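Here's a walk through the fold, piece by piece, for anyone who would rather look at a model than a list of coordinates. Keep the viewer open as you read.

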Amino acid sequence: MSVIRLEDIVERIQSYHPDADVDLLRRAYIFSAKAHQGQVRLSGESYLIHPIEVAAILASLKLDVATVAAGLLHDTIEDTTSTQEEIKSLFGEEVGMLVDGMTKLSRMELQSREQREADNFRKMIVAMAKDIRVILIKLADRLHNMRTLKSLSPEKQRRIAQETLDIYAPLANRLGISKIKIELEDLSFMYLNPEAYRDLVQKVSQRRIERESYINELMETMRGQLAEQGYQGEVKGRPKHFFSIYQKMQKQGIAFEDIYDLIAIRIITDTKANCYAILGLIHSLWTPVPGRFKDFIGVPKSNLYQSLHTTVIGPKGERVEFQIRTDEMHRLAEEGIAAHWRYKEKSPVSQREEQQFAWLRQLMEWQRDLPDAKEFMDTVKGDLFPEVIYVFTPRGDVRELPQGSTPVDFAYSIHTDIGHACVGGKVNGKIVPLKHQLRNGDKVEVVTQTGHTPSRDWLKFVKTSKARTRIKAWLKIEERRRSILLGRELLEKELRKHDLNPTKVLKSDELPQIAIELSQNTIDDLLAAIGYGKVSPHMVANKLAPDKQHVEPPVKKPPSKHAKPAGDGSGGMKISGMDNMMIHLSKCCNPVPGDQVVGFITRGRGVSVHTADCPNVGELTFDKDRLVDVTWGDFHTSAHAVKITVRTIDKPGLLASVSSTISALEANITHAEATTDENKGATLNFTLDIKDVEHLNKVIKNIEGIKGVIDVKRVKTG
């Protein structure tokens with residue numbers, strides 16, 4: 001591979017920007033060369049090659065000098081002794097801001113690698129909101145890193161390739177930069193599944209040789225027809241990239257030999273009207289395949305991609321895909337947001353550009369709504385590259401939504417308030433349930449009701465990240481509001497016991513100070529903590545009136561016929577920073593002493609304890625204020641119910657053998673049932689009373705040793 005020279009980049013920039021300040025570029029190159037002097041990449045090459053290649057990629061996107069200069073300098077703050085102040089003073093605020101946006105946060109040793117990556121990604125998105133060129137530099141940086149990934153260990157190659165496929169290729173797609181998106185996808189595929197990649201490259205190469213003459217003949221026919229009809233048009237063959245072929249094989253469950261559209265024919269013409277005229281010409285020459293026509297000119301994709309796609313039955317009965325677009329559409333398809341980001345003129349953002357930036361604004365909304373960096377990153381991942389459908393508003397406006405979206409997703413796509421107030425939906429004039437899945441072309445109307453609020457159940461079926469984050473945000477605010485009201489009620493009740501006036505206390509200067517002493521920033525935070533059960537109202541009242549301390553009398557409860565011995569039920573569990581809290585073990589996962597557990601403060605039922613891997617824990621984590629640390633106390637006098645499933649071969653006496661083994665280990669069987677299947681297998685389900693996780697593991701190990709037992713599993717219903 002030939003080495004890019006600075007003068008090559010300068011010539012490239014001058015070809016599309018003759019008046020460019022190339023002196024800035026040369027100074028940036030000299031500074032970068034001095035800063036990185038002596039540094040080498042893992043491949044053994046001089047480190048300077050990397051920033052030069054990044055700058056060359058940016059120049060190929062026809063970006064302005066400041067962006068290309070920032071590409072040359074993008075690693076100087078992070079990897080050398082250079083500072084942000086130095087970059088700004090030498091190259092100006094604009095370049096300094098772009099380089100800072102590319103600089104990772106200082107590493108905190110206590111953070112996991114995953115958390116650091118999430119925090120750095122978040123910083124990049126915030127910088128991108130100020131200036132889109134930050135993400136363009138990052139994409140160029142990632143593209144060159146992927147081109148030179150072979151020097152890293154296989155483990156790092158796979159990790160970086162997966163991150164590229166999950167985040168950076170979809171980002172390039174969202175920004176409409178198809179030539180970067182395609183190369184990132186193919187390079188990621190090569191490292192993540194090298195055998196499948198090599199096999200596909202070989203097969204595609206063989207097939208292209210076979211089909212080359214067929215496609216060439218077809219293109220010549222098309223050129224002749226265009227000339228005959230007087231249409232201007234350039235006809236090209238466009239090979240499909242490897243990852244898209246592999247995706248098609250996986251999604252449709254077909255072999256490579258069953259894929260016929262390896263090469264699409266692309267026609268680039270001068271006007272939109274001619275795009276449709278040429279489409280009509282193609283359909284008059286060959287029979288179109290039903291369902292394979294897509295009009296992305298009338299309904300552009302969210303990244304502003306425009307083109308007509310059609311598949312026809314060509315000569316010899318073979319399927320051929322045609323793509324028809326104008327020069328301007330083609331430029332936008334290849335370079336996306338970079339193609340119309342006009343820094344030189346500093347012109348206002350057009351309506352079309354506004355449409356493309358809508359998604360970037362949504363990113364910033366998520367950034368504000370999701371304070372946890374990892375949760376934010378996961379949300380962005382989930383929304384980057386969905387299969388989409390197009391539905392219509394009652395006025396005929398088009399909305400793009402992920403496949404599987406519901407009327408609730410549609411409502412939130414219009415406005416948050418409409419989403420909150422949604423009570424139903426009409427699809428094509430018919431009332432449908434809120435969880436109804438929308439289809440391509442549906443006309444959707446939202447039915448709202450003043451005062452209606454979101455339901456937690458909506459989280460089980462909504463598909464869009466916007467709907468999910470808005471519902472969670474509302475639930476969190478509502479939970480806090482209720483906690484403040486409950487906390488106020490509990491505190492007022494306690495203050496009266498101490499002969500204190502609640503109205504005066506809540507307006508006093510003492511309460512804010514007590515809130516700070518109890519690690520709460522405001523009075524509302526303190527009241528919420530009381531409502532959640534994290535702070536005792538008794539403690540607050542005693543701090544306000546130490547000379548009138550009120551001792552809580554012991555609560556006497558009538559014995560229940562279901563009561564368990566002291567220390568049982570909760571296993572003598574302890575909650576970090578809290579006393580006298582009611583605790584119960586969750587029935588969904590039946591925690592056993594010795595399991596890793598987490599506590600969740602419920603409404604009116606104290607703390608619910610779940611195993612750390614309980615499926616329900618994921619639903620609880622969005623309200624982290626209510627999660628508490630719990631530990632097992634003295635549990636040895638307790639018996640805990642656990643369900644296990646034993647799969648065996650179906651033979652006489654096996655149930656008796658398993659039962660006697662359980663009994664011999666002093667585990668009481670409270671329920672047992674057995675079923676057989678047509679494959680001569682049996683499933684034995686037991687509910688056992690055991691002491692702790694060590695006791696359970698011993699029982700499982702002994703059952704596994706019985707001849708005829710296939711496997712034994714603990715059951716967590718979630």
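Strands β7 and β8 make a hairpin with five residues between them. In the turn sits Gly396, with a positive phi of about 95°. The two strands, residues 388–392 and 398–402, pair in the antiparallel sense over five bridges. If you want a spot to check on screen, Phe392 has Val398 of β8 as its bridge partner.

Keep in mind that this is a predicted model. Zooming out, the chain has 26 helices and 21 strands. Of its 718 residues, 48% count as buried. Among contacts between residues at least 6 apart in sequence, 67% join residues at least 24 apart.

Which residues of α1 are buried? In this helix, residues 6–16, they are Leu6, Ile9, Val10 and Ile13. These residues sit on the same side of α1 because they cover an arc of only 100° around the axis. An α-helix has 3.6 residues a turn, so residues three or four places apart point the same way. On the face turned away from the buried side of α1 you'll find the exposed residues Glu11 and Ser15. The cover over the buried residues of α1 includes α2 (22–35), α3 (49–60) and α4 (65–73).

Leaving aside neighbours within four places in sequence, Ile9 is in contact with Ile4, Leu25, Ile52, Ala55, Ala56, Ala59 and Val68. Ile9 is also one of the residues with the most contacts inside the largest nonpolar core, along with Leu25, Val95 and Ile180. That core has 60 residues. At least two of its residues come from each of α1, α2, α3, α4, α6 (84–102), α8 (133–147), α9 (154–174) and α10 (178–192). The largest share, eight residues, is supplied by α8. Apart from this core lies another, of 36 residues, including Val235, Ile267, Cys275 and Ile282.

How do α10 and α12 meet? The axes of α10 and α12 (residues 242–252) come within 8 Å and cross at roughly 65°. The two helices are therefore roughly perpendicular to each other. From α10, the contact uses Glu185, Asp186 and Phe189. From α12, the contact uses Phe242, Phe243 and Tyr246.

**A three-stranded sheet**

Further along, three strands form an open sheet in the order β10-β9-β11, with antiparallel pairing. Here β10 (430–432) and β11 (444–448) are at the edges, each with a single partner strand, so one side of each has no neighbour in the sheet. Direction ignored, neighbouring strands are turned by 35° against each other on average. Strand β9 (residues 422–427) pairs with β11 over five bridges, and Cys422 has Thr448 of β11 as its bridge partner. Helix α17 (residues 407–414) packs on this sheet and touches β9, β10 and β11. The direction of α17 makes about 85° with that of β11.

Ile649 has Gly681 of β20 as its bridge partner.

|---|---|---|---|

Is Lys698 buried, exposed or partly exposed? Lys698 is partly exposed, with a relative accessible area of 49%. Lys698 and Ile662 are 36 residues apart in sequence and 9.7 Å apart in space, C-alpha to C-alpha.

Note on methods:
Residues numbered from 1 in each chain as written. Predicted model: local features only at pLDDT ≥ 70, side-chain atom pairs only at ≥ 80, totals over all residues. Heavy atoms only, no water. Pairing = 2+ DSSP bridges. Helix = DSSP H or I, 4+ residues; strand = E, 2+ residues; numbered from the N terminus. Buried < 20%, exposed > 50% of the residue type's maximum accessible area, 1.4 Å probe, protein only. Arc of directions from axis to C-beta. Contact = heavy atoms within 4.5 Å. Core = buried A, V, L, I, M, F, W, Y, C linked by side-chain atoms within 4.5 Å. Axes fitted to C-alpha atoms, helices over the stretch in contact; angles between N-to-C directions. Parallel < 35°, antiparallel > 145°, perpendicular 65-115°, else oblique.
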